[in-house]
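Morning, everyone. Please have the structure open on your screens. I'll walk through it in short steps.

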Amino acid sequence: MTKIISPSILAADFGNLQAACEMINGSEAQWLHIDIMDGSFVPNISFGFPVLEAVKKHSTKPLDVHLMIVNPEKYISRFAKAGADILTFHYETVENPLSVIELIRAEGIKVGITINPDVPVSVLEPFVDKVDLVLLMTVFAGYGGQKFMDNSYDRIAELKEIIERKKAHCLIEVDGGVNEDNASILFESGVNVLVAGSAVFGAPDPLKTIHNMLNT
Ligand SMILES: O=C(CO)[C@H](O)[C@H](O)COP(=O)(O)O
Ligand SMILES: [Co+2]
């Protein structure tokens, strides 16, 4: 089974993003997660294209870009050009998810769809065979450092059942409150990609934390 760690740069030292990228380059993490927040869909504002471009310049890992913005369809081409390798949008932010999926595909990059914890998993059923990944938020999108929501395990099982029933091949990613303590049970539950911000960048030894998350 595919097991990927995608550390979230949101929890890094923004005064030294180059060092953060280089640390991840030298780690066992396979992707780098980039949180784009607009102060509208979510109450927080993170960063935009210039920072994404700077990270792209220094990162050797695929950039896993998580859009928490209204009207994502307006910016897909710019995010692709700025360096996104995987572009994930929130189902809640669009009227026609299929057309957004097609717009992202047209850029020649991978596509993901995501929902907040209060959105029924069943809304994803029409899309699981059309995307490369489904991201289940395990906290409400907007801030790093929140506590993992325990009802997420039931949601992961429901998503897995839908994916199997539809014989789809998308990866399952979870984001929010992931750490060394819950990583192994999440992988055992069928999750393929773990996003971890504060657990990695706040750790005394981030390389060891990433290793432990992949191997315990
Ligand atoms: O999308 C996000 C928040 O909206 C972040 O990716 C997520 O919260 C990661 O941070 P942490 O691992 O510290 O919970
Ligand atoms: Co995220």
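Start with a loop. Lys 167 sits in the loop between α5 (152–165) and β7 (171–175). Is Lys 167 buried or exposed? Lys 167 is exposed, because it has 8 other C-beta atoms within 10 Å and the cut-off for exposed is 12 or fewer. Now look at its backbone. Lys 167 has a positive phi of about 50°, although it is not a glycine. Keep the general rule in mind: most residues other than glycine have a negative phi.

There is another case. Asn 71 also is not a glycine, and its phi is positive, about 50°. It lies in the loop between β3 and α3. Asn 71 counts as exposed, because it has 12 C-beta neighbours inside 10 Å.

Let me step back. This is a predicted model, so keep that in mind throughout. How many helices and strands does the protein have? The secondary structure comes to 8 helices and 8 strands. The radius of gyration is 16 Å, close to the 17 Å that the globule rule gives for 216 residues, so the protein is as compact as a globular protein of that length. Along the principal axes, the C-alpha atoms fill a box of roughly 40 × 35 × 30 Å. Buried residues make up 42% of the 216 residues. Take the contacts between residues at least 6 apart in sequence: 64% of them join residues at least 24 apart.

Next, one helix. Find α4, residues 97–106. Which residues of α4 are buried? They are Val 100, Ile 101 and Ile 104. Seen down the axis of α4, the buried residues fall within an arc of 105°, so they line one face of the helix. On the other side, Leu 98, Ser 99, Glu 102 and Ala 106 are exposed. What do the buried residues of α4 pack against? They pack against α3 (76–82), β4 (86–90) and β5 (110–115). After α4 comes Gly 108, with a positive phi near 80°.

Now go to α1, residues 17–25, and find Ile 24. Ile 24 is buried, because 29 other C-beta atoms lie within 10 Å and 20 or more is the cut-off for buried. Set aside its neighbours within four places in sequence. Ile 24 is then in contact with Pro 7, Ala 29, Leu 32, Ser 59 and Lys 61. How far is Ile 24 from Ala 106 in space? The two are 29 Å apart, C-alpha to C-alpha, and 82 residues apart in sequence.

On to the core. In soluble globular proteins, nonpolar side chains tend to be buried together. Here the largest nonpolar core has 64 residues. Val 65, Leu 87, Val 131, Val 134 and Leu 194 touch the most other members. Strand β6, residues 133–137, gives the most to this core, with 5 residues. Pick out Leu 194. Beyond its neighbours within four places in sequence, its contacts include Ile 5, Val 174 and Met 213.

Last stop, ligand 1. Which residues are closest to ligand 1? Of the 23 residues that surround it, the closest are Ser 8, Ala 141, Gly 144, Gly 197 and Ser 198. β2 (32–37), β3 (63–68), β8 (193–196) and α7 (198–201) each supply at least two residues of the shell. By class, the shell has 10 nonpolar, 11 polar and 2 charged residues.

How values were computed. Residues are numbered from 1 along each chain as its sequence is written. Chains are lettered from A and ligands numbered from 1 in the order in which they are written. This is a predicted model: local features need pLDDT of at least 70, side-chain atom pairs count only at pLDDT 80 or more; totals for chains, interfaces and linings use all residues. Helices (H or I, at least four residues) and strands (E, at least two) are DSSP runs, numbered from the N terminus. The radius of gyration is taken over C-alpha atoms; the globule rule is 2.2 Å times the number of residues to the power 0.38. Two residues are in contact if their C-beta atoms, placed from the backbone, lie within 7 Å. The arc is that of the directions from the helix axis to the C-beta atoms. A nonpolar core is a set of buried Ala, Val, Leu, Ile, Met, Phe, Trp, Tyr and Cys residues joined through C-beta atoms within 7 Å. A residue is near a molecule or strand if its C-beta atom, placed from the backbone, lies within 6 Å of it. Ala, Val, Leu, Ile, Met, Phe, Trp, Tyr, Cys and Pro count as nonpolar, Asp, Glu, Lys and Arg as charged, and the others, Gly among them, as polar.
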